Amino acid sequence: MAGKVLIVVGDATETVDTLYPFYRLIEAGFQPVIAAPEKRLYQMVMHEVRPGWTITREWEGYQIQADVAFSEINPDDYLGILYSGGRAPEYIRYDADLVRITKHFFEKNKPIASVCHGVEIPAYADCVRGRRMATVAKCRFDLEVCGGIYVNEPCVIDGNLISGRTFHDNGHYVGPWIKLLEAAAR
């Protein structure tokens, strides 16, 4: 394995936002580590705007086991981090240990990926000022009110920070993030 990489989740984390990068990390030789408020089983969701709807609809997806609780994480042990989407970031962003971990990855310029609502975590941690990011349009406010710059593209690269709007962008932003991880692992 080339190194360990955190994937941040909570209940109502989006299934495809989480599982696509999880398996891509394994394919690239990295060890994905599921991080959450507690070390337990979490319920993921399918999360999208369906035809005829004007708001996001959710229904149950797969479950995922957290490997480590935020409070147990020494961020020096990890090469990179991914903030998955879904509703989870709205609730877990206030966790003091998650804020500590987030600040570490931004301060140390480690490879960071964010998709969809994942932006709510680094925004709350005051890590997005002046940074260009993609996110789902409904989170544009969260990004901009915290000093970030919203870009409506499938992959936005701002130094060590790679972001996508929704799971529909997985094929665009995950590859460049893995390239950053590969460079960091050398």
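Let's start with the largest pocket. It holds about 190 Å³ of space. Keep in mind that this is a predicted model. What lines the largest pocket? There are 14 lining residues. Nearest the centre lie Glu-48, Val-49, Thr-56, Val-136 and Thr-166. Sort the lining by class, and you get five nonpolar, five polar and four charged residues.

Glu-48 is one of the residues nearest the pocket centre. Glu-48 also makes a salt bridge, and the partner is Arg-50. Their closest N and O atoms are 2.9 Å apart. How accessible are these two? Glu-48 has 23% relative accessibility, so it counts as partly exposed. Arg-50 comes out at 31%, which is partly exposed too.

Now, the salt bridges in general. Side chains of opposite charge can pair when their charged atoms come close. How many salt bridges does this model have? The count is eleven.

Take Arg-40 and Asp-11. Their side chains meet in a salt bridge, 2.8 Å from N to O. Where do the two sit? Arg-40 is in the loop between strand S3 (31-36) and strand S4 (41-48). Asp-11 is in the loop between strand S1 (4-8) and strand S2 (13-14). The two parts are 29 residues apart in sequence, so this pair ties them together. Arg-40 is partly exposed, at 30% relative accessibility. Asp-11 is partly exposed as well, with a relative accessible area of 35%.

Next pair: Glu-90 and Arg-87. This is another salt bridge, with the closest N and O atoms 2.9 Å apart. Glu-90 has a relative accessible area of 25%, so it is partly exposed. Arg-87 is at 27%, and it counts as partly exposed.

Some bridges also share partners. Which residues do they join? Asp-11, Glu-38 and Arg-40 form one network.

Last stop: Arg-93. Where is it? Look in the loop between helix H2 (88-92) and helix H3 (96-107). Is Arg-93 buried or exposed? Arg-93 has 14% relative accessibility, and the cut-off for buried is under 20%, so Arg-93 counts as buried. What does Arg-93 touch? Leave out residues up to four places away in sequence. That gives Leu-98, Val-99, Glu-120, Ile-121, Tyr-124 and Asp-142.

To recap: a pocket of about 190 Å³, eleven salt bridges, and a buried Arg-93 in a loop between two helices.

Notes
Residues numbered from 1 in each chain as written. Predicted model: local features only at pLDDT ≥ 70, side-chain atom pairs only at ≥ 80, totals over all residues. Heavy atoms only, no water. Salt bridge = Lys/Arg side-chain N within 4 Å of Asp/Glu carboxyl O. Helix = DSSP H or I, 4+ residues; strand = E, 2+ residues; numbered from the N terminus. Buried < 20%, exposed > 50% of the residue type's maximum accessible area, 1.4 Å probe, protein only. 1 Å grid on protein atoms, 1.4 Å probe; cavity = no way out; pocket = protein on both sides within 12 Å on 5 of 7 lines; lining within 4 Å. Points joined across faces, edges and corners; volume = space filled by probe spheres on them. Nonpolar A, V, L, I, M, F, W, Y, C, P; charged D, E, K, R; others polar. Contact = heavy atoms within 4.5 Å.
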